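Subject: Structure handover

Hello,

Here is the structure I promised to pass on. My notes follow below it.

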Amino acid sequence: MFGLRTLHRNKTLKYGVPMLLLVVGGSFGLREFSQIRYDAQKIKKRLDPSLAAKLNPQKQAVILEEEYEKLKEKNLDEWKNIRGPRPWEDSREYQEQQRQKLSKGS
């Protein structure tokens, strides 16, 4: 028969079982804590949009029709694409070159 002394000397029972319990128990504990985090985020996102707009007027949704009206007012026929300076180029020098090109073109 196994005695208490032989069980105490067994390295698997002394080190392996507590380690296994720590790893398995830790994964279950971590899952519970992360689930609480995600549940809290869902509750926060579930806020009614009209109530959210009242709480924070700066974050009100932009109405698509308003943006369309703003674009109608702009003259897009005279639009010109101007390349910006590359990271290795000196921006002031590049701006001066662009200004000279524009003044020659006018």
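**Salt bridges and surface**

Lys72 and Glu69 sit three residues apart in helix H4, about one turn of the helix. They form a salt bridge, with the closest N and O atoms 3.9 Å apart. Lys72 is exposed at 52% relative accessible area. Glu69 is partly exposed at 41%.

Please keep in mind that this is a predicted model.

Helix H4 (residues 64-73) also holds Glu67 and Lys70, three residues apart. Their side chains meet in a salt bridge at 3.5 Å, N to O. Glu67 is partly exposed at 33% relative accessibility, and Lys70 is partly exposed at 45%.

Helix H5 (residues 91-105) carries Glu96 and Arg99, again about one turn apart. This pair makes a salt bridge at 3.0 Å, N to O. Glu96 has a relative accessible area of 43%; Arg99 has 49%. The structure holds four salt bridges, these pairs among them.

Now the fold. The chain has five helices and zero strands. Of its 106 residues, 2% are buried. The chain exposes about 11000 Å², and carbon and sulfur atoms supply 59% of that.

Helix H2 covers residues 11-45 and includes Leu20. An unreviewed UniProt entry lists residues 12-30 as "transmembrane region". That stretch is 100% helix in the model, with its end C-alpha atoms 25 Å apart. Met19, Leu20, Leu22, Val23, Val24 and Phe28 form a nonpolar surface patch of about 600 Å² accessible area together. Leu20 is exposed, at 57% relative accessible area.

Best wishes

Note on methods:
Residues are numbered from 1 along each chain as its sequence is written. This is a predicted model: local features need pLDDT of at least 70, side-chain atom pairs count only at pLDDT 80 or more; totals for chains, interfaces and linings use all residues. Side-chain values use heavy atoms; hydrogens and water are left out. UniProt positions are given in the numbering used here, feature names are shortened, and annotations may be inferred rather than shown by experiment. Helices (H or I, at least four residues) and strands (E, at least two) are DSSP runs, numbered from the N terminus. Patches are made of residues with over 30% relative accessible area and no salt bridge: like charges are joined within 9 Å, nonpolar side chains (Val, Leu, Ile, Met, Phe, Trp, Tyr) within 5 Å. Accessible areas come from the Shrake-Rupley method with a 1.4 Å probe; for residues, only the protein chains shown count as cover. Buried means under 20% relative accessible area, exposed over 50%, partly exposed in between (1.4 Å probe, protein chains only).
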